[in-house]
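Q: Please take a close look at one part of this model for me. I would like the first chain described in detail, with its partner chain brought in for context.

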Amino acid sequence: MTLTLALRTQPPARVLAAPMIPERLRGLNASAVAALDLGCGGETVAVGDLFAVSGAGTEEEELVLAGDLRRFDGIGACMSSGEIEVRGDVGAWAGAEMSGGVVRIFGDAGARLGAAYPGARAGMTGGEIVVSGDAGEEAGAGMRRGLVAVGGRTGAGAGLRMLAGTVIALGGIGAEAGLGNKRGSLVSGRPMEPLPAYAFATRFRPPALRLQLRRARELGLNVDEALLRGVWARWSGDRTELTRGEILIFDDGEERRE
Amino acid sequence: MSGYRLGSAEVADTFAEAFPMRYTRILITAATDAWALEAARSMTGFATSVIGCKCEAAIERSLTSAETPDGRPGIAVLLFAMDREGVGKRVLERVGQSVMTCPTTACFDGLEGEDKTVPLGASLRYFGDGFQASKVIAGKRFWRIPVMEGEFLVCESVGVGRGVGGGNVVIGAGDEDAALAAALAAVEAMRGAGIALPFPGGIVRSGSKVGSVTSKSMPASTNHQMAPTLRVQVDDTLVPDGVGAMFEIVIDGVSEDAVREAMRRGLHAASGAGATHLTAANFGGKLGQFHFPLSELRDPP
């Protein structure tokens with residue numbers, strides 16, 4: 001049985017939701033989960049005060065969070081296994097520094113999705129994050145491995161100081177993406193203007209991207225068939241780093257830009 | 001048990017003798033069926049017998065775009081060798097030379113979940129001369145090797161399973177044309193999931209025996225007992241009266257059961273397509289771990 005937390009009341013301040021990850025809730029029944037404390041502003045608040053809890057932490061490690069969770073930061077942060085499904089919008093730092101498992105957000109995500117915490121070099125080191133809506137600024141900052149796939153757009157600065165891994169935005173990667181990117185892939189389903197630190201290489205059908213897009217579809221994103229079959233422009237960069245990273249931009253054939 | 005009659009054919013009271021082998025399955029995808037087939041044909045070329053080719057490989061079946069990891073048309077190839085090391089070496093050579101080189105292809109592990117694996121992309125990546133890149137997708141690592149066309153995508157490693165090699169049926173008829181027609185019908189019925197028929201068109205016309213009568217250094221030589229032209233020249237012929245040509249179909253399979261059922265399909269198909277004599281090759285039963293008596297294949301598939 002899946003553990004489900006449905007939001008009943010909005011918290012008085014921002015909540016650090018990082019403890020609510022499947023691996024820490026494993027084996028707990030509903031009342032034990034409801035008794036857990038979360039940091040809320042300078043205070044603590046019990047999970048049960050904010051959420052209606054049903055089910056129990058399961059072997060399958062699946063956790064469902066439902067409601068408008070824009071005041072909840074760090075959902076799925078540092079998780080290494082299991083699956084979180086969120087039905088609603090979330091705050092900042094969702095999936096920050098996660099190393100495994102799956103976070104599926106059916107809604108929008110705030111800033112620093114799957115990113116590194118301040119001062120940390122590497123952010124996400126594994127796992128998959130899928131967001132059906134938009135994501136905020138600096139999605140995938142410092143990412144080392146894994147997949148962030150966004151159905152809508154990412155805010156400015158996606159893939160900042162990225163080491164490797166993949167950030168996909170079907171609705172388009174926002175401005176100033178991939179600054180300081182070493183080996184990462186940024187994938188934009190809509191036309192965009194890469195930073196001057198990127199240079200156009202070629203148009204091709206990237207075979208690995210096809211697998212990643214199919215995987216994103218499997219995880220619940222609505223991926224257009226045209227993206228799977230189509231041609232993508234590859235821009236290489238950041239040329240002030242290794243020039244081993246890439247920005248792939250879907251080329252629908254209507255617009256040829258160099 | 002004794003021989004029995006099956007349709008037009010007399011089935012000999014004998015058995016096929018087969019050996020444990022290691023195998024892997026490679027999924028080759030490409031932009032079109034035709035290119036996937038080109039790669040698969042090339043990869044499974046010159047892979048008829050471990051004796052001379054170091055491995056045995058064949059196309060298992062074609063895959064629709066719904067069955068492949070990347071949603072393109074593909075081909076499943078089975079490759080057998082005597083041990084895991086052999087599978088590893090041969091698959092690396094063949095994917096490197098025949099799949100990576102072929103336009104539009106990508107290469108995937110068709111034997112996921114096996115405990116034992118051999119490296120594929122993990123070694124082939126060095127062809128990328130340092131420009132290769134990897135992606136972990138749904139928990140599996142792939143290598144992107146930059147090539148003149150764009151990129152070749154190949155899985156990190158492939159699973160190795162325990163299979164059975166050397167199952168066989170031998171199909172005889174009054175003349176070459178009739179025997180070949182019956183053998184072709186058998187091949188058609190035998191091909192399928194879990195089965196590799198490594199010889200040209202699935203059929204071998206030069207079956208061999210272990211060693212030789214006239215030389216100590218030959219590892220294998222012609223199966224003189226089944227050569228119709230030697231029928232009165234040798235004392236131990238196995239060619240019955242009225243049989244003018246015999247063909248052997250060698251079967252490698254992913255399990256004992258897969259081989260047995262393929263043999264069953266083959267015998268019954270051949271018996272309905274003009275075969276007059278059906279038998280099997282063995283080495284007296286001392287060499288192979290697996291025995292497939294034809295007497296157990298009497299019931300139709």
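Predicted model: local features only at pLDDT ≥ 70, side-chain atom pairs only at ≥ 80, totals over all residues.

A: Strand 2 (residues 15-16) of chain A pairs with strand 3 (residues 37-40) of chain A. The two run in the antiparallel sense, over two bridges. One residue pair can be named: V15(A) has C40(A), in strand 3 of chain A, as its bridge partner.

Four strands of chain A form an open sheet in the order 4-3-2-7, and the pairing is mixed. Strand 4 (43-46) and strand 7 (72-73) of chain A stand at the edges. Each has a single partner strand, so one side of each is left without a neighbour in the sheet.

Next, the whole of chain A. Its secondary structure comes to five helices and 16 strands. The C-alpha trace of chain A spans about 60 × 35 × 25 Å along its principal axes. For 258 residues, a compact globule would have a radius of gyration near 18 Å. Chain A has 18 Å, which agrees with that value. Buried residues account for 52% of the 258 residues in chain A. Sequence separation is a further way to view the fold. Take the contacts in chain A between residues at least 6 apart in sequence: 45% of them join residues at least 24 apart.

Chain A is also divided into domains. The domain assignment gives domain 1 (1-61) and domain 2 (74-251) of chain A. Their C-alpha centres lie 28 Å apart. Across the boundary, nine residues of domain 1 of chain A are in contact with 12 residues of domain 2 of chain A. The side of domain 1 of chain A that touches domain 2 of chain A has six nonpolar and three charged residues, with no polar ones.

Several backbone details in chain A deserve a look on screen. Begin with the peptide bond from G237(A) to D238(A). That bond is cis, with omega near -5°. D238(A) lies in the loop between strand 15 (231-237) and strand 16 (245-251) of chain A.

Then go to R161(A). Its phi is near 50°, a positive value in a residue other than glycine. R161(A) sits in the loop between strand 11 (147-150) and strand 12 (166-169) of chain A. R161(A) has 23 C-beta neighbours inside 10 Å, so it counts as buried; the cut-off is 20 or more.

E176(A) also has a positive phi, near 55°, and is likewise a residue other than glycine. Its place is the loop between strand 12 and strand 13 (185-188) of chain A. With 17 C-beta neighbours inside 10 Å, E176(A) counts as partly exposed.

Turn to where chain A meets chain B. The contact takes 14 residues from chain A and 14 residues from chain B. On the side of chain A that touches chain B, helix 4 (residues 207-218) of chain A gives the most, with seven residues. By class, that side of chain A has six nonpolar, two polar and six charged residues.

As general background, the size of an interface is often given as the accessible area lost when the parts come together.

Along the principal axes, the C-alpha atoms of chain B fill a box of roughly 65 × 45 × 30 Å. For its 301 residues, a compact globule would have a radius of gyration near 19 Å; chain B has 21 Å, which agrees. Of the 301 residues in chain B, 50% are buried. Among the contacts in chain B with a separation of 6 or more, 72% are between residues 24 or more positions apart.

Strand 4 (residues 56-63) of chain B has six of its eight residues buried, so it is largely enclosed by the rest of the structure. Strand 4 of chain B is joined to strand 5 (residues 74-81) of chain B by seven bridges, and the two run antiparallel. Within this pairing, R61(B) stands opposite A76(B) in strand 5 of chain B.

Methods. Residues numbered from 1 in each chain as written. Chains lettered and ligands numbered in written order. Contact = placed C-beta atoms within 7 Å. Nonpolar A, V, L, I, M, F, W, Y, C, P; charged D, E, K, R; others polar. Pairing = 2+ DSSP bridges. Rg over C-alpha atoms; globule rule 2.2 N^0.38 Å. Buried ≥ 20, exposed ≤ 12 C-beta atoms within 10 Å, placed from the backbone. Domains from an automatic or database assignment.
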